[in-house]
Structure formats: structure tokens, C-alpha cells
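I opened my notebook today to look through a new protein model. Here is what I went looking for, entry by entry.

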Amino acid sequence: MSTLLAIGECMVELVPKGVSECQQSFAGDTYNALVYAKRFAGQLNCELFSAVGEDVLSINMLKKWKQEGISSKQVIQTADHNVGIYAISTDQHGERSFDYWRNQSAAKHMMELYEKQPFDLGLGKSDWIFFSGISLAILDDASKRVLLDLLASLKQQGCTIAFDPNYRARMWQSKAHAIDWLERAYQISDLVLPGLDDHYTLFGHDNIDEIVQYCQQFSINEVVIKAGSKGMQVFCQNNLTAQCSFNPAPQQVDSTAAGDSFAGTYLAARMTHHEPQSALHIADKVASQVVQHQGAILPFDVYQALNLSSAK
């Protein structure tokens, strides 16, 4: 059984239901991707490398992971920190904004905790690792180096490294700081999932060709470009391999986790021997449904109704 290991932070998600009530769930970009990967390809072993506290919310979080089929064997628990919390607000167009309470988040210290007592992740040549710009941004610079060194070592052992830049400006000291670390991540990645919006903000790239040309300086095998209304394209070894036009959802309620669900589904499809065109079509179908519902994770019955089995 192949393993997809995601690295990052899972948080408590609060969705306001009126002035004094909230719906609570658990979410975070790489965790969301892992959930959708597991739902699409149940035969994959899906694990999250992170850190959590020993508080009630952390314990309940781990229980939820188990319900979703996500292994927590790579999770470090600490009594010194708790889990982070965020609240979602959406406007009339379904575009979301977030408020965070994560300064004491255990995940921000996961590499420090790992260094104190490193352990074998048990990954082999058929296994994939997924991380994001947010996975890096929550760490201090010393911990960023530790993480990237670990990933480089695992790549040398044969693991496939997948990276989504997922740029959030306020999580970085400056644009230059973000570019420095994101480029280091690109250098060790086999598959990347850049968004045109992120690349325009960071590098001024305003079309897909510029992103492809930029990525040619790195040893990246597969570039999956999400270009919004311009659709999506996949380049393998710098050659256009697959493309999908923009298919807007009938109604966009909440764009939270649209990119995460796309990434997780695409990776799971590629890991289970789907060609890029098939993987792109399936991932787009999932993301289009996700934006029609509130919160990061679709109710399981809604996901099942997508009937993706016919595409497997």
C-alpha cells in the first residue's frame, strides 16, 4: 500500500451560524487535501506529519482524523502547546476571509519537536509527500531549513515530493522572504501546483507560459497550473500534457478548500495510475462541488453523490 504523507497544520475551524453560535470542525490546507485524497483512493495509506497538543480539542481532532481514515502515527503530541483556531467569513460572492488564533499552535513547533526526538517516517520509493507554502510559513526559518533538508533526504531515497505554493502574504515577513523559501521548495519538488494568482502577486507572471518558463529552472517533472477563468494545464517535462477549461460552479457559496480538494484529488489520482488528463478532470469535478458548500470538508454523503467511481 502506497503512502501519501502530508505535512502541515490542522486547525479548529469555526463557521459562524448567527451572532452567538458557530459550527466547529477541523481543517487546514494539507489536511484538507489528505482527506480528499483518501476519499478518492481509499486504498492509499494517508498520514499527516504535524504536532498537536494534549488538550480536549487536540484529542477530538485526532478522533476526527481516524473517522476520515487519516493516520496520526506521524503526529507529535506536546503538553506545551495547543491547536490553532480560525474562523471563516464569506461575502455575498462566496469569497472567504479568515481570522486566526494560532500563535500557540503546536504545529508551528513540529520541526523543533522532531529534532529533539527524530523518528523514521517509514517511507519507501512508491510513497509521495505533499507540503505547501503554508506548511513552510508557520515555521521559523531554522525549522524551515530542517523541513526542507528532511524532504531533500527523502527525495534521495526515492519519494516523490509534491508542493503547492499556497501563498498567504500576511504569513511571511515580506514578499522577498516568501520568494526565497518558495523557490527553495521548488528546487526539491517533483510535482508543483502553482496558481496564476499567486505567481502574478509574487513574480508578476500574468499567463501560463511565463509560469512554465519560470519552472524550467528547477528539476520539476510535473507542473499543474491553476489559472482560474483561464482553466488548468499540466506540463510534464515542460510539454503540455493535459488541460481543462474553466467550469464555474452553478453557485459559489464558499471557496474554502477549493484548491486543497483539487490538490488532494489530483495527487491521489496520479498515485493510483490515472493519466494527467483524467486526474485533472476528476480533481476539477471535486473542487467545483466543494465551493458550493460551506466549510472545507464536504459532508460525506454529498461527496459520495459525485459518483467518482466511474472515473477510477
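My entries below go from the overall chain to the cores, the aromatic rings and one loop.

**Entry 1: the whole chain.** I noted at the start that this is a predicted model. I counted up the secondary structure and found 11 helices and 14 strands in the protein chain. Next I looked up the box around the C-alpha atoms, which is roughly 50 × 45 × 40 Å along the principal axes. I then checked the radius of gyration: a compact globule of 312 residues would come out near 20 Å, and the protein chain has 18 Å, which agrees.

**Entry 2: contacts and surface.** I asked what share of the 312 residues is buried, and the figure is 57%. Taking contacts between residues at least 6 apart in sequence, I saw that 71% join residues at least 24 apart.

**Entry 3: the nonpolar cores.** Which residues touch the most other members of the largest nonpolar core? Trp65 and Leu280 do, in a core of 61 residues.

**Entry 4: aromatic rings.** I found 15 aromatic pairs in the structure. One of them is Tyr214 with Phe218, an edge-to-face pair at 5.4 Å centre to centre with 70° between the planes. Both Tyr214 and Phe218 are buried. These two residues also belong to one aromatic cluster, together with Phe131, Phe163, Tyr186 and Phe203.

**Entry 5: charges over rings.** I looked at two arginines here. Arg184 has its charged end over the ring of Trp181, 3.9 Å from the ring centre. Arg39 has its charged end over the ring of Tyr303, 5.7 Å from the centre.

**Entry 6: a loop with positive phi.** Where does Gln237 lie? I found Gln237 in the loop between strand E13 (232-236) and strand E14 (239-244). Its phi is near 55°, a positive value in a residue other than glycine. Asn238 is in the loop between E13 and E14 too, and has a positive phi of about 70° without being a glycine. For accessibility, I wrote down 51% for Gln237, so Gln237 counts as exposed. Asn238 has 38%, so Asn238 is partly exposed.

Notes
Residues numbered from 1 in each chain as written. Predicted model: local features only at pLDDT ≥ 70, side-chain atom pairs only at ≥ 80, totals over all residues. Heavy atoms only, no water. Core = buried A, V, L, I, M, F, W, Y, C linked by side-chain atoms within 4.5 Å. Buried < 20%, exposed > 50% of the residue type's maximum accessible area, 1.4 Å probe, protein only. Phe/Tyr/Trp six-rings, centres within 6.5 Å; stacked < 30°, edge-to-face > 60°. Lys NZ or Arg CZ within 6 Å of the ring centre and 35° of its normal. Helix = DSSP H or I, 4+ residues; strand = E, 2+ residues; numbered from the N terminus. Rg over C-alpha atoms; globule rule 2.2 N^0.38 Å. Contact = heavy atoms within 4.5 Å.
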